[in-house]
Amino acid sequence: MNQQVDFDAVVVGAGFSGLYMLHLLREAGYSAQLYDAAGDVGGTWYWNQYPGARCDVPAEFYNYTFSEEIHRDWKWSAVYPEQDEILSYIKYVTDKLDLRKDIQFNTRITDAKYDPEAHTWTVNVGGGRTVTSKYFIPAIGNVSVPHAPAIPGLDKFRGQTYHTSQWPHEPVDFKGKRVAVIGTGSSGVQAITAISKEAEHLTVFQRTPQYVMPVENPKVGEDDLERRRAEFPTLRKRVREHIVGMPCFDVRKPYSALEDTEDERNRHYEALWQEAKGFQMLYAYTDLTINDDANATIAEFVRGKIREIVKDPVKAENLMPTYLLGGKRPVVATNYYESYNRENVDLVNLKKTPIAECTENGLVTADGTEHELDIIVFASGFDAMIGPLAGTKIRGREGITLKEKWDDGRNLKTYLGVCHVGFPNMFTITGPHFPLTANALAVNEVIAEWVIDCIEHAEKQGLAEVEATPEGEEDWTAHVNEVGEQSIYARTDSWYTGANIEGKPRAFYGYTGDFQTYQDRFEKSKDYKALAVKPLQQVETT
Ligand code: NA7
């Protein structure tokens with residue numbers, strides 16, 4: 001590279017995507033430095049250390065696919081490993097690739113600015129220091145800025161409060177404690193099943209009931225391990241050829257749910273429920289998430305299961321979801337509904353009795369009931385997708401921030417979710433328009449590999465700048481919005497459309513098309529026609 005810079009590239013975020021990006025940059029011979037606010041690697045898996053946290057994609061497909069050696073020398077203990085094991089895997093890969101020497105921890109990047117004259121990024125690394133780089137690659141996650149309801153009087157509470165995504169790294173003792181969990185998304189559901197077994201009393205504050213699919217978590221035996229090692233050569237291909245990048249889930253009956261009789265359907269659903277393979281239930285037929293009438297059949301089956309499992313009819317009624325199954329991010333868990341049969345577990349339906357205030361003793365609901373508590377756990381989700389990037393003051397060529405460019409989501413446009421008009425030489429890996437329905441780890445690999453190809457292309461062509469064209473942004477954004485409008489996500493309130501946060505503009509914050517179409521777009525974009533380029537020569541002579 002020709003510019004005078006501290007590093008060819010600055011990467012932000014030491015989660016799965018940032019670490020792989022760092023590896024690819026180094027392999028290609030670029031100097032790179034990675035910064036992370038955390039004290040160690042892990043990203044999501046560093047921060048989300050709440051009880052019960054585990055992956056809901058089988059680990060067989062939730063690990064890197066680029067290195068046979070890494071794959072061969074690692075042994076998952078269970079099909080759906082817990083948070084600490086995933087974090088150990090990330091540390092293992094980091095050490096195996098010797099990445100730590102190019103990572104600076106405990107460094108939150110709060111602002112970065114593009115210099116259109118020098119064609120470099122200046123990144124504030126804290127303590128009055130800045131570093132410069134040609135390329136700037138935020139890989140800061142899309143569910144990494146916690147959201148919590150503003151509860152009047154919360155500051156008076158004498159007990160402890162935690163957010164699932166900011167969990168302390170020392171164990172929290174729930175024994176003998178009266179605990180509240182607010183929120184019943186993936187994190188809340190996992191935390192509820194774990195905390196209910198330990199706490200003296202648990203009160204779940206639920207805004208929207210969830211469809212929770214059962215999942216068993218068998219141990220991985222030696223035979224299975226050998227099979228996985230033997231199958232490694234085809235792993236990447238199998239993952240990338242699957243509609244959501246999880247080739248363990250297959251359509252069990254390759255036709256519409258409406259073609260079976262009610263009895264046949266329910267027998268089929270029951271068999272899958274007993275198999276307890278999580279997301280597999282969504283693939284019982286071909287059309288459960290694209291045809292509302294088909295969707296209604298599985299939704300009704302799950303409601304029937306809730307009635308059957310939960311003994312207290314009032315609790316069961318409050319647990320009944322009514323929206324389109326799959327319209328919110330699907331949730332899987334072991335014995336979630338069974339938790340409500342425990343005598344120490346109560347449920348508050350916030351739609352009927354919202355939280356009015358917090359006192360020094362606990363939470364008071366609108367009916368005047370005071371729920372006395374020692375611990376409040378917020379499992380209330382995130383300012384998802386644009387939150388992390390909009391919350392960082394990243395200023396492009398014209399000096400405006402991403403937050404301003406996107407008008408807080410009212411004018412959200414990206415090119416492939418990766419490049420942005422006005423922000424040359426910047427690539428976002430896990431930002432808005434990231435696919436929401438595909439295996440995130442597989443997507444991370446696709447994007448990071450595209451970014452390194454693009455950088456290689458720019459360097460070979462002697463370019464000073466690469467940047468999305470307005471047409472490229474318009475075209476991709478129109479595609480995201482079109483598939484979003486056609487999907488069930490358009491008709492369900494969730495963080496996919498910003499509906500989880502009051503006042504957040506409604507938009508398709510993520511890509512909801514299938515993984516194949518997504519990859520095709522990336523493949524086709526390798527002609528770089530949607531990138532505006534500024535040859536270095538041209539820059540030097542003007
Ligand atoms: P989610 O899926 O956004 O779940 C958050 C939960 O918190 C959900 O039940 C929300 O209800 C609830 N919530 C949000 N705001 C409030 C307020 N103001 N009052 C009460 N309850 C509230 O976050 P998770 O951490 O569970 O999972 C995020 C992703 O991480 C997950 O999809 C996986 O990809 C991993 P709502 O449904 O919005 O009514």
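K91 is partly exposed, at 29% relative accessibility (partly exposed lies between buried, under 20% relative accessible area, and exposed, over 50%, with a 1.4 Å probe and protein chains only). The model is predicted: local features need pLDDT of at least 70, side-chain atom pairs count only at pLDDT 80 or more, and totals for chains, interfaces and linings use all residues. Residues are numbered from 1 along each chain as its sequence is written, and side-chain values use heavy atoms, with hydrogens and water left out.

**Salt bridges overall**
- The whole structure holds 45 salt bridges, each defined as a side-chain nitrogen of Lys or Arg within 4 Å of a carboxyl oxygen of Asp or Glu.

**D40 and K91**
- K91 forms a salt bridge with D40, with 3.9 Å between the closest N and O atoms.
- Because D40 sits in the loop between β2 (32-35) and α2 (44-47) and K91 in helix α4 (residues 83-96), the pair ties together parts that are 51 residues apart in sequence.
- Helices (H or I, at least four residues) and strands (E, at least two) are DSSP runs, numbered from the N terminus.
- D40 is buried, its relative accessible area being 15%.

**E60 and R228**
- A salt bridge joins E60 to R228, the closest N and O atoms being 3.6 Å apart.
- E60 is in the loop between α2 and α3 (68-72) and R228 in helix α6 (residues 222-241), so this pair ties together parts 168 residues apart in sequence.
- Both E60 and R228 are buried.

**D408 and K403**
- D408 and K403 meet through their side chains in a salt bridge of 2.8 Å, N to O.
- D408 is partly exposed at 29% relative accessible area, and K403 is partly exposed at 39%.

**Network**
- Salt bridges with shared partners join E60, D224, R227, R228, E231 and R238 into one network.
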